Amino acid sequence: MIIGWIILFFVGLAALIKASDVFVDAASSLAIKLKMPKMLIALTIAAFGTCAPELAISFKSISSGNYDMTLANVIGSCVVNILLIVGVATLVKPIKVKEQTVKKELPILVLVTGIFFILLNDSLFRGKENGLSRIDAGILMASFGVFLAYILYVVHQAKKKMKRSRKREKAKYGLWKSLLYIVITLIIIVVASDIVVDNAVLIAQEIGISQKIITMTAIVIGTSLPELTMTVGASRKGEFDLAVGNIIGTNIFNICIVLGLPTLIYGGFTSVAFNFVDTTVVLLAALVYYWFGRSSRKLERFEGMLMVAIFAAYYTYLFLV
């Protein structure tokens, strides 16, 4: 039985990597054909699409009253996306960061993460148990509305810029082929991610790995596999806007929608499992991402190594406490 799980694990992983590779080309082609910035595609289609596993887990866990899993899902994903995924992608190839990203997209990410930090740390700011209320969820949803307003602004500015520019980049795929490939590869990415995670859990249980380790690795890191393969693939191809934008959009979507929407629907909750350290690491990850991008308009390999080191230190803390 375990041999079958191992085979399915590697089949799912291969499908995930290949689908992500095709997705990057299709997303890039779509941006060119629609005369839109690649960053916009990354902030929307790529980011929202790869959040499907996290959103499904969040709705299922919060509706059944498993609030700690909901928070682990969001906090873990936000930390993994920046510190592990961006860190690894940077080790593969240094990532260039555009001036607009440093001045606009990354500050929005820091702002949204800061709001999340304040809202969840009730023990620090309000003297009661940490948690989220429906009002808090409404604030997160309103923050997402501001983010969408910014995206509309980017679209408007891009159209004006395209009219003035005569430069035309060649697309690998046509418009309809790009759209078709994006839909198909997103479906494959989500399904393949489930296959990898499910079989990783079965293998871990079979060889006696603890439930805590399974949750913090196979589930949290596993549901971030779409972002990992897509970001690393985009970085390897030199599609830096897709690599950077995917993570920014994903984390904003995770905080505002994956956490905010089910909380708004099912009601608020409290949790003692996650404390000041956990939320601080989430905020630190966003600040590090912004600071490294701002310093030289490029994420260098040694900065990627530092990100991975912070991630390793945090996970070591989780397993020791």
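How many residues does helix α10 have, and what span does it reach from its first C-alpha to its last? Helix α10 (residues 225-236) has twelve residues and reaches 16 Å between those two atoms, close to the 16 Å expected at 1.5 Å a residue. The expected span is 1.5 Å times one less than the number of residues in the helix.

The model is predicted: local features need pLDDT of at least 70, side-chain atom pairs count only at pLDDT 80 or more, and totals for chains, interfaces and linings use all residues. Residues are numbered from 1 along each chain as its sequence is written, and side-chain values use heavy atoms, with hydrogens and water left out.

**Figure 1. Overview of the protein.** The secondary structure comes to 13 helices and four strands. Helices (H or I, at least four residues) and strands (E, at least two) are DSSP runs, numbered from the N terminus. Of the 321 residues in the protein, 52% are buried; buried means under 20% relative accessible area, exposed over 50%, and partly exposed in between (1.4 Å probe, protein chains only). The protein exposes about 14,400 Å², of which carbon and sulfur atoms supply 68%. Accessible areas come from the Shrake-Rupley method with a 1.4 Å probe, and for residues only the protein chains shown count as cover. Among contacts (heavy atoms within 4.5 Å) between residues at least 6 apart in sequence, 83% join residues at least 24 apart.

**Figure 2. Helix α10 is mostly covered.** Ten of the twelve residues of α10 are buried. Among them are L225, P226, E227, T229 and M230, together with T231, V232, G233, A234 and S235. Just after α10, G238 takes a positive phi of about 80°.

**Figure 3. A cluster of aromatic rings contains F311, Y314, Y315 and Y317.** Rings of Phe, Tyr and Trp (its six-membered ring) pair if their centres lie within 6.5 Å; planes under 30 degrees apart count as stacked, over 60 as edge-to-face and the rest as tilted. By this rule the count comes to nine aromatic pairs. The pair of Y314 and Y315 is edge-to-face, because the ring centres are 6.0 Å apart and the planes stand at 75°. The rings of Y314 and Y317 have their centres 6.4 Å apart and their planes at 25°, so this pair is stacked. Both Y314 and Y317 lie in helix α13 (residues 301-320), three residues apart, about one turn of the helix. Y314 is buried at 5% relative accessibility, and Y315 is buried at 6%, whereas Y317 is partly exposed at 26%.

Figure 4. The structure holds one salt bridge, defined as a side-chain nitrogen of Lys or Arg within 4 Å of a carboxyl oxygen of Asp or Glu. K103 counts as exposed because its relative accessibility is 54%, while E99 is partly exposed at 42%.

**Figure 5. A nonpolar surface patch includes I6 of helix α1.** The patch, of about 480 Å², is made by I3, I6, I7, F10 and V11. Patches are made of residues with over 30% relative accessible area and no salt bridge: like charges are joined within 9 Å, nonpolar side chains (Val, Leu, Ile, Met, Phe, Trp, Tyr) within 5 Å. I6 lies in helix α1 (residues 2-33) and counts as partly exposed at 31% relative accessibility.
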